[in-house]
Amino acid sequence: MNVHFTHFQAMLLFALVISVAFGFLSRRRPLDRVKYMLWSLFLFLLVGIGIGWAMYPFSR
Amino acid sequence: MTDEVQMTESSPTEKGRETFAIACGAAGWLVPGLGHGLQKMWGRAIVFFITVGALVLIGAGMRGNVFNSDGGDAFASLGYLADLGAGSFYLLAKQDEPNGADVSRARGDYGTRFLAAAGVLNLLCALHAYEAARGRKG
């Protein structure tokens, strides 16, 4: 199997899969799980994109 | 005197529970989700199997580095430990990468992270299965 993703797609997929697993690991009620997954996904993307932009001035 | 002995020694039920908990943890490490499956936590079992499996397949598909035991430095050894956390899926990753890793591109580097995350996530799941079997987690 050969998989091709852009940087953003890879990050999004990684964040999505880990958020789902974290939601099921740490919460028991379905609604709490969904809330946790969404919050975790949001923070993953926020931190990832934030660090990406923070490195931008040093990239050239 | 008898009471003191009873207080210090664990009862057969507790010993059985501890054994079952260790079996759940080991099974969860070997096959992602199996530790929860043994406790009839089907939702968690299926989700952990799919998420760890997806991370391994994608990581190997991106030609990430699947570390060996003969790693040259500390980072390679740590990477091997993380990869080994995926249990039987470590072998799946090896099978899925017949051409070996290609970390000369960002894609392969991402793949390495996917594989390491799969291992560490599976260790977390196995630990959760162990704790749940002991009655510490719901």
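**Note on a predicted two-chain model**

1. Lys40(B) lies in the loop that links α3 and α4 of chain B. The model under review is a predicted one. The phi angle of Lys40(B) is near 60°, which is a positive value in a residue other than glycine. Lys40(B) has 7 C-beta neighbours inside 10 Å and therefore counts as exposed, since the limit for that class is 12 or fewer.

2. A further positive phi, again near 60° and in a residue other than glycine, occurs at Arg63(B). Arg63(B) is placed in the loop between α4 and α5 of chain B.

3. Val31(B) belongs to the loop between α2 and α3 (34–37) of chain B. There are 18 other C-beta atoms within 10 Å of that of Val31(B), so this residue is partly exposed. Once neighbours within four places in sequence are left aside, the contacts of Val31(B) are Gly87(B) and Ser88(B). Asp102(B) stands 71 residues from Val31(B) along the chain, and the C-alpha atoms of the two are separated by 27 Å.

4. Which residues of α6(B) are buried? They are Phe89(B), Tyr90(B) and Ala93(B). These three cover an arc of only 110° around the axis and therefore sit on the same side of α6(B). The partners against which the buried residues of α6(B) pack are α4 (42–61), α5 and α7 of chain B.

5. Two of these partners also meet each other. The axes of α5 (residues 74–84) and α7 (residues 106–133) of chain B come within 6 Å and cross at roughly 60°. The two helices are therefore oblique to each other. On the side of α5(B) the contact is made by Gly79(B), Ala82(B), Asp83(B) and Leu84(B), and on the side of α7(B) by Leu115(B), Ala116(B), Gly119(B) and Val120(B). By type, the residues of this contact are five nonpolar, two polar and one charged.

6. The largest nonpolar core holds 44 residues. The members that touch the most other members are Ala21(A), Leu55(B), Val56(B), Phe114(B) and Ala118(B). At least two residues of the core come from each of α1 (7–26) of chain A and α2 (12–30), α4, α5, α6 and α7 of chain B. Which helix gives the most to this core? It is α7(B), with 13 residues.

7. Ala118(B) deserves a separate remark. Apart from neighbours within four places in sequence, Ala118(B) is in contact with Val52(B), Leu55(B), Val56(B), Gly59(B), Ala86(B) and Phe89(B). Of these partners, Leu55(B) and Val56(B) are also listed among the core members that touch the most others, and Phe89(B) is one of the buried residues of α6(B).

8. The last point concerns the two chains together. How many residues of chain A are in contact with chain B? There are 14, and they meet 21 residues of chain B. The side of chain A that touches chain B consists of eleven nonpolar, two polar and one charged. Chain A also takes part in the largest nonpolar core, through residues of α1 (7–26) and including Ala21(A).

Terms used. Residues are numbered from 1 along each chain as its sequence is written. Chains are lettered from A and ligands numbered from 1 in the order in which they are written. This is a predicted model: local features need pLDDT of at least 70, side-chain atom pairs count only at pLDDT 80 or more; totals for chains, interfaces and linings use all residues. Axes are lines fitted to C-alpha atoms, for helices over the stretch in contact, and angles run from 0 to 180 degrees between N-to-C directions. Helices (H or I, at least four residues) and strands (E, at least two) are DSSP runs, numbered from the N terminus. Angles under 35 degrees count as roughly parallel, over 145 as roughly antiparallel, 65 to 115 as roughly perpendicular and the rest as oblique. Two residues are in contact if their C-beta atoms, placed from the backbone, lie within 7 Å. Ala, Val, Leu, Ile, Met, Phe, Trp, Tyr, Cys and Pro count as nonpolar, Asp, Glu, Lys and Arg as charged, and the others, Gly among them, as polar. A residue is buried if 20 or more other C-beta atoms lie within 10 Å of its own, exposed if 12 or fewer, and partly exposed in between; C-beta atoms are placed from the backbone. The arc is that of the directions from the helix axis to the C-beta atoms. A nonpolar core is a set of buried Ala, Val, Leu, Ile, Met, Phe, Trp, Tyr and Cys residues joined through C-beta atoms within 7 Å.
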